[in-house]
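Student: I have a structure open and would like to learn how to read it. Could you take me through its features one at a time?

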Amino acid sequence: MSNLFNRDIISIKDLSSGDIDLILSESEKLIDVAEGNRKLNYLSGRILATAFFEPSTRTRLSFETAMHRLGGSVIGFAESKSTSTSKGETLADTIRVLSTYSDAIVIRHPNEGSARLAADYSDKPVINAGDGASQHPTQTLLDLFTIKREFGKLENLKVGIIGDLKYGRTVHSLSYALSMFGIEILLSSPSSLTMPPDVMEYCKTKTKINDVKLDYLIEEADVVYVTRIQKERFPDEEEYQSVSGSYKITRSHLIKAKSHMIIMHPLPRVDEISTDVDNTLHARYFRQSFYGVPVRMAILNIVLGGDVDG
Amino acid sequence: MDNEHFKVTPIKNGTVIDHIPAGNAFRILKIIGIDEDCKSTVSILINVPSRQLGSKDIIKIEDRELDDNELNKIALMASDATINIIRDKNVYEKKKVSLPDELTGIIRCQNTNCISNKKDEKMLPHIIVETRSPLRVKCHYCDRTIINPQDAILF
Ligand SMILES: [Zn+2]
């Protein structure tokens, strides 16, 4: 049995590169099941609780699809209004109760650290599906899976990350994970939204990571990972418009890109990738979103101790 | 009464905190919650010559034995302090303060959106000591590094 059996998955930093390799290789084997072309009942009779204290439809549905595809069932709630938390129950109490009803808990919560708190109080494994601005490890795993699936490897690749590198939760976890595998990172962001020094420091101990010009990044990278720049981060509308406009990816940006370059985005996109990019050979964000299903299937299957081949 | 005697008046029962870096006695009193409401007799010696530290502070608290949670707080400000628990004028127990790997309820996370800062959760902050010198601690819950942890001590 894998050493991830019964483990909580709270932060990407909790996982070794061996753990990640296992999750990615199991995800690969489950793609046809995720597509509905093969049926499996590895988790038949098992119950997953999805505790979403704030709405995140895509993430919740992809976990629920993953559980159903493996023959398991799902209980849960999609926002905290409908739970006893709104009557003043503590998160710890809600989790203690849920853990008696289910075999694993997926939690999404607006406050940082809530997933770790949940794990402290649950005797069943807890999977973090996003806690405030902090961690969202399954997003990072599906990002890695997308890269591995598209290139057949993780080695000798350059990944460029564009957008809000300061507050963007996914880019911090992704940078940690990429550097664990020695993948070179190129960064391009508005000067007020650069990568925090502690993330830079960590990554520099494991790989090459550098701030570069946007054009250079698009020319050099094998993967261009685009994130949203949020309006709330700017003092006024005008500044937001000018900054976000200069980080918008359009078809004309891609002329000098490598032919095999892929564009990823955690979605939902607003207007940081123009729709005329969708039909290019570079666009991979919808495929990436689908990969969330096999990756979450693999995670649930491993954590819950369903069948794992070889 | 000679001077020497006055300086080192032994206490019958209680706690003596020795080897506090000079100038820190008052902050330590604050950390361990000794204020004007305290009923114990407390003597404070400041700038006592010390071979080890050059000069040091000493605190003597009568009729009160500090528990480990209080001692942990002292380690945050005076990592070399020694604690003597006195019973019947004898040193009943002598211990070094030492910062444990984790501390509950002593240092607050500075991230206002951290679950540990939400009143409704009725929970205590919990931090993990990453390095001792320089002191570097992070929140167990949100994983953020706590800048200047001495300033985040809960009094
Ligand atoms: Zn915190």
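Tutor: We go through conventions, helix packing, salt bridges, the chain contact and some backbone details.

Student: Which conventions apply?

Tutor: This is a predicted model, where local features need pLDDT of at least 70, side-chain atom pairs count only at pLDDT 80 or more, and totals for chains, interfaces and linings use all residues. Residues are numbered from 1 along each chain as its sequence is written, chains are lettered from A and ligands numbered from 1 in the order in which they are written, and side-chain values use heavy atoms, with hydrogens and water left out.

Student: How are helices and strands assigned?

Tutor: Both are DSSP runs numbered from the N terminus: helices are H or I with at least four residues, strands are E with at least two. Chain B, for instance, has three helices and nine strands. Their order along the sequence is α-β-α-β-β-α-β-β-β-β-β-β. The C-alpha atoms of chain B fill a box of roughly 60 × 30 × 25 Å along the principal axes.

Student: At what angle do helix 6 and helix 11 of chain A pack?

Tutor: Axes are lines fitted to C-alpha atoms, for helices over the stretch in contact, and angles run from 0 to 180 degrees between N-to-C directions. Helix 6 (residues 137–151) and helix 11 (residues 285–303) of chain A pack at about 110°, with axes 8 Å apart.

Student: What word describes that arrangement?

Tutor: Under 35 degrees counts as roughly parallel, over 145 as roughly antiparallel, 65 to 115 as roughly perpendicular, and the rest as oblique. Helix 6 and helix 11 of chain A are therefore roughly perpendicular. Handedness is a separate label: a crossing is left-handed if the near helix is turned anticlockwise from the far one by less than a right angle, and right-handed if clockwise. Helix 6 of chain A passes helix 11 of chain A in a right-handed crossing.

Student: Which residues of helix 6 and helix 11 of chain A meet?

Tutor: Contact means heavy atoms within 4.5 Å. From helix 6 of chain A, the residues include A:Leu141, A:Leu142, A:Phe145 and A:Arg149. From helix 11 of chain A, they include A:Tyr291, A:Val295 and A:Ile299. The residues of this contact between helix 6 and helix 11 of chain A divide into seven nonpolar, five polar and five charged. In this scheme Ala, Val, Leu, Ile, Met, Phe, Trp, Tyr, Cys and Pro are nonpolar, Asp, Glu, Lys and Arg are charged, and the others, Gly among them, are polar.

Student: How does helix 3 of chain A pack on helix 11 of chain A?

Tutor: Helix 3 (residues 57–69) of chain A meets helix 11 of chain A at about 55°, with axes 8 Å apart. That makes helix 3 of chain A oblique to helix 11 of chain A. The crossing of helix 3 and helix 11 of chain A is right-handed. Among the residues in contact are A:Phe63 and A:Met67 of helix 3 of chain A, and A:Val293 and A:Met297 of helix 11 of chain A. By class, this contact of helix 3 with helix 11 of chain A has six nonpolar, five polar and three charged residues.

Student: Which residues join helix 4 and helix 5 of chain A?

Tutor: Helix 4 (residues 91–101) and helix 5 (residues 114–121) of chain A pack at about 50°, their axes 9 Å apart. A:Leu91, A:Ala92, A:Ile95 and A:Arg96 in helix 4 of chain A meet A:Ser114, A:Leu117, A:Ala118 and A:Tyr121 in helix 5 of chain A.

Student: What area is buried between chain A and chain B?

Tutor: Buried area is the accessible area (1.4 Å probe) that two parts lose on being put together, summed over both. Between chain A and chain B it is about 1200 Å², with carbon and sulfur atoms giving 42%. Here 17 residues of chain A contact 14 residues of chain B. Two salt bridges are counted between chain A and chain B. A:Glu112 forms a salt bridge with B:Arg144, with the closest N and O atoms 3.3 Å apart.

Student: Where is the cis peptide bond of chain A?

Tutor: A cis bond joins A:Leu267 and A:Pro268, with omega about 0°. A:Pro268 lies in the loop between strand 9 (262–264) and helix 11 of chain A.

Key
Salt bridge = Lys/Arg side-chain N within 4 Å of Asp/Glu carboxyl O.
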